[in-house]
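Colleague: I would like to learn how to read helix packing and sheet order from a model. Please take me through one case.

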Amino acid sequence: MAYSDKVIDHYENPRNVGSLDKNAKNVGTGMVGAPACGDVMRLQIQVGDDGIIEDAKFKTYGCGSAIASSSLVTEWLKGKTIDEARAIKNLDIAQELALPPVKVHCSVLAEDAIKAAIEDYQAKSAIA
Ligand code: FES
Ligand code: FES
């Protein structure tokens, strides 16, 4: 299968690989798996007092497209509000990376991971 240059770039030079303190109150952690292939993605966001996402990190055990999708979304997330982050759609990711149809579920994983990270963050803020 031919990968697009953007996938290869993010795969070879992934942005924002790593971890944030998952116990911090302003950090949301999303951990999701793809039933289709068993790949796992962990995405974390750190939200500032102003409600803006100031940092994002990921670790993905999966294919090149999943790694590229998570790398790309960590770049997109920084500087966004929670509502803007929630609006990121897997098709935006698939389009940006020119994913072939069989790899679209890899971008779904990234969208699910964003939503899971937001849910975790909001659950934590609710018990403030
Ligand atoms: Fe997920 Fe290939 S099927 S790594
Ligand atoms: Fe399953 Fe990419 S996440 S093949």
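Colleague: Which elements do the buried residues of α5 pack against?

Modeller: Some ground rules for this predicted model: local features need pLDDT of at least 70, side-chain atom pairs count only at pLDDT 80 or more, and totals for chains, interfaces and linings use all residues. Residues are numbered from 1 along each chain as its sequence is written, and chains are lettered from A and ligands numbered from 1 in the order in which they are written. Helices (H or I, at least four residues) and strands (E, at least two) are DSSP runs, numbered from the N terminus. A residue is buried if 20 or more other C-beta atoms, placed from the backbone, lie within 10 Å of its own; contact means C-beta atoms within 7 Å. Here the buried residues of α5 pack against β1 (27-33), β2, α2, α3 (82-86) and α4. Among these buried residues are H105, E111 and Y121.

Colleague: In what order do the strands of the open sheet lie?

Modeller: Two strands pair if DSSP finds at least two bridges between them. The 3 strands run β1-β2-β3 with antiparallel pairing. β1 and β3 are at the edges with a single partner strand each, so one side of each lacks a neighbour in the sheet. Between β2 and β3 there are 8 bridges; V47 has I53 in β3 as its bridge partner.

Colleague: Which strands does α2 touch?

Modeller: Angles run from 0 to 180 degrees between N-to-C directions of axes fitted to C-alpha atoms, for helices over the stretch in contact. α2 packs on the sheet against β2 and β3, at about 175° to β3. α5 touches β1 and β2, its direction making about 140° with that of β1.

Methods. Buried ≥ 20, exposed ≤ 12 C-beta atoms within 10 Å, placed from the backbone. Contact = placed C-beta atoms within 7 Å.
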